[in-house]
Amino acid sequence: MTTFGVDAVLVGEALSTFWSQASGNLMAAVQKIAPQLKTVGGWLLSTAAGAGFGILQFIVAIIIAGVFLANAKASGAFARTLAVRLAGERGADFAELAEATVRSVTRGILGVALIQSILAGIGFMAIGLPGAGLWALLCLLLSTVQIGVFPITIPIVIYVLATADTVPAILFVIWSLFVGSIDNFLKPILLGRGVQVPMAVIFVGAIGGFITSGIIGLFVGAVVLVLGYKLFLAWLHDFPGRPMDTAR
């Protein structure tokens, strides 16, 4: 069998033909797939632009939050006053509920993601994994978007089992299983703490907001859904004079 025939069997005739053309005349081969390259390039550019805008939005949000934090007392009073003007007597309750929801999301999603990534990074460094900091950062990102750290740790566990000594490898496997599963009991404890709203409402709002608006959407989505949930309950029970149960 010729070399071309072997390539065609292994990778497919079309790909083998393109590879042969590219090895002889690269420019002609590239021009042949120019429409596909344009589509892929446009998608990559759009994705990079979206990621860049999300990072910029996050940085601006941190700056704004820092300004409000420096004037926390005055900012809190302004938020409560504005909420009262917009929502009447229950405005102050809504403002406190929004504050408690943001704290809950910070602890339950970002806090748990940070804990998992730190613990995973400690394990990576202890086992001597190359690029431990980068892998820990990827764990932080995947944990934040609620995918979890296992897509990162499972290939690393396989690599460690194949290259490291038996005892360190087994200890690393146990540590990785612990790190990957701690969110199952930390998140229910932290996510709904201080807010008299079902944890599922906060979680769905945070994840939905993240999908539509990135990191900022974690907080905006949770606050909007929680306030909507409380307004729906108030409308359903029709107790306008009854104060809402919020964490103080």
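**Around serine 117**

Modeller: Serine 117 touches Ala136, Cys139 and Leu140, leaving aside residues up to four places away in sequence. Touching, or contact, means heavy atoms within 4.5 Å. A word on the source: this is a predicted model, where local features need pLDDT of at least 70 and side-chain atom pairs count only at pLDDT 80 or more, while totals for chains, interfaces and linings use all residues. Residues are numbered from 1 along each chain as its sequence is written, and side-chain values use heavy atoms, with hydrogens and water left out.

Serine 117 sits in helix α6, residues 91–127. Helices here are DSSP runs (H or I, at least four residues), and strands are E runs of at least two, numbered from the N terminus. Serine 117 counts as buried because its relative accessibility is 7%. The cut-offs are under 20% relative accessible area for buried, over 50% for exposed, and partly exposed in between, with a 1.4 Å probe and protein chains only. The side chain of serine 117 also reaches the backbone oxygen of leucine 114, at 2.9 Å.

Now follow Cys139. Cys139 touches serine 117. Cys139 belongs to α7, where Trp135, Leu138 and Leu142 join it in meeting Pro151, Ile152 and Ile156 of α8. This contact holds seven nonpolar residues, no polar ones and no charged ones. Nonpolar covers Ala, Val, Leu, Ile, Met, Phe, Trp, Tyr, Cys and Pro; charged covers Asp, Glu, Lys and Arg; the others, Gly among them, are polar. Helix α7 spans residues 132–144 and α8 spans 150–163. They pack at about 145°, with axes 9 Å apart. Axes are lines fitted to C-alpha atoms, for helices over the stretch in contact, and angles run from 0 to 180 degrees between N-to-C directions.

Next, the second largest pocket. A pocket is an open set of points on a 1 Å grid over the protein atoms alone, where a 1.4 Å probe fits, with protein on both sides within 12 Å along at least five of seven lines; lining residues have an atom within 4 Å of a point. Its volume is about 290 Å³, the space filled by probe spheres set on the points, which are joined across faces, edges and corners. Leu114 and Leu140 are among its lining residues. Helices α6 and α7 each supply at least two. The most come from α7, with four. The lining divides into nine nonpolar, two polar and no charged residues.

Notes. A polar contact is a pair of N or O atoms within 3.5 Å; within protein, one must be able to donate a hydrogen and the other to accept it, and residues adjacent in sequence count only if both atoms are side-chain atoms.
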